[in-house]
Amino acid sequence: MVKILCPDGEERHIDDVYDAEYEHFPPVVIKALIAGRGKKRKRNENKKPRFGVTRLTGPCLRRSYYDLVEEVPITLSKLWIFSRGHAIHNFFQEHLDETENEIFLSQDFGLFDAIGYVDVLSDNVMYEFKTIQSIPDKPKPEHLMQIQSYYSMLSPDKQSKIKKLCIVYFSLNKIKTYIVPKLDMLNYLEARGSILANSLNTSIPPSREESYICNYCDFKDMCFKRDKDK
Ligand code: SF4
């Protein structure tokens, strides 16, 4: 079930968002924002977990854990940020051959699998596209680790052919590309994924990894309040 935190402050199921009228979100806009977001896939607790690479390379494993087991309502503004990102990705990818686009990778770590989609792999250059409000002076660590992880998940033969790893940032008025070093991230992924898999088994969230990210974290109340309640 996907819940929306509506502009009037009410939480509604995604099918019920049209029950009220909102000044800045006419129905045609809402329709586009919620398109294709009706279902959140339920986790099968008996199956070996599969973690998207970004869950493991992100800045906080506790946040990744909450995102897997909890449900917090999402605002329409946040849906706009996601939709805008997808639109820009599609704009570039629709001109590429489909064999170069969204390359699926999977790595078996025993306790869990790590999976991911390389945005573009063209002419043996690996690209990760990021839409962002303002372009950073250097690649963000989580983006760096993401593309390096994808590189690590290739077979040795494919790795040897990769010429470079590029992170391409898109803001509303600028594009900037960073070439980043190739690095083996498999040990890092295994360590992070094992913590997350154990947390799912025991239902005990991983430790907090506090940073400025906490200010934007959807699970902040949950993360800090639960501890106070103990
Ligand atoms: S509030 Fe901070 S420490 Fe807690 S889950 Fe979110 S990012 Fe992690």
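User: Why is D123 called exposed in this model?

Analyst: The model is a predicted one. In it, D123 has a relative accessibility of 55%, and the label exposed applies over 50%, so D123 counts as exposed. D123 is placed in the loop between β6 (113–122) and β7 (125–131).

User: What makes the phi of D123 worth a remark?

Analyst: Phi of D123 is near 50°, which is a positive value in a residue other than glycine. E102 can be listed alongside, with phi near 45°, again positive in a residue other than glycine.

User: And is E102 buried, exposed or partly exposed, and why?

Analyst: E102 has a relative accessible area of 40%. Buried needs a value under 20% and exposed a value over 50%, so E102, in between, is called partly exposed. Its place is in strand β5 (residues 101–108).

User: What makes K225 buried or exposed?

Analyst: The relative accessibility of K225 is 51%. The cut-off for exposed is over 50%, therefore K225 counts as exposed. K225 belongs to helix α8, and its C-alpha atom is separated by 15 Å from that of P206, 19 residues apart along the chain.

User: Which residues does I167 touch?

Analyst: Not counting residues up to four places away in sequence, I167 touches E128, K130, P139, H143, L144, I147, K176, T177, Y178 and V180. For Y178, 11 residues apart from I167 along the chain, the C-alpha atoms are separated by 5.2 Å.

User: R192 is an arginine; why is it called buried or exposed?

Analyst: R192 has a relative accessible area of 10%. With buried set at under 20%, R192 is therefore buried. R192 lies in helix α7 (residues 186–202).

User: What is R192 in contact with?

Analyst: Leaving aside neighbours within four places in sequence, R192 is in contact with L56, G58, P59, C60, L61 and E209. W80, by comparison, is 112 residues apart from R192 in sequence and 30 Å apart in space, C-alpha to C-alpha.

User: Now the ligand. Where does it sit, and how do you know?

Analyst: The ligand sits in the largest cavity.

User: Which residues surround the ligand, and which elements give two or more of them?

Analyst: Around the ligand are C60, R62, R63, R208, E209, C214, C217, K220, C223 and F224. The elements giving two or more residues to this shell are α3 (61–69) and α8 (220–229). The largest share, three residues, comes from α8.

User: What is the make-up of that shell by class?

Analyst: The shell has five nonpolar, no polar and five charged residues. Cysteine counts as nonpolar and arginine as charged, so C60, C214, C217 and C223 are among the nonpolar members of the shell, while R62, R63 and R208 are among the charged ones.

User: How many cavities of 30 Å³ or more are there, and how much space lies in the largest?

Analyst: The count comes to one cavity of 30 Å³ or more. About 120 Å³ of space lies in the largest cavity.

User: What lines the largest cavity?

Analyst: Its lining has 15 residues, and C60, R63, C214, C217 and C223 lie nearest the centre. By class, the lining divides into eight nonpolar, one polar and six charged residues. Helices α3 and α8 each supply at least two residues of this lining.

Methods
Residues are numbered from 1 along each chain as its sequence is written. This is a predicted model: local features need pLDDT of at least 70, side-chain atom pairs count only at pLDDT 80 or more; totals for chains, interfaces and linings use all residues. Side-chain values use heavy atoms; hydrogens and water are left out. A residue is near a molecule or strand if one of its heavy atoms lies within 4 Å of it. On a 1 Å grid over the protein atoms alone, a cavity is a set of points where a 1.4 Å probe fits but cannot get out, and a pocket is an open set with protein on both sides within 12 Å along at least five of seven lines; lining residues have an atom within 4 Å of a point. A molecule sits in a cavity or pocket if more than half of its atoms lie within 2 Å of its grid points. Helices (H or I, at least four residues) and strands (E, at least two) are DSSP runs, numbered from the N terminus. Grid points are joined across faces, edges and corners, and a volume is the space filled by probe spheres set on the points. Buried means under 20% relative accessible area, exposed over 50%, partly exposed in between (1.4 Å probe, protein chains only). Contact means heavy atoms within 4.5 Å.
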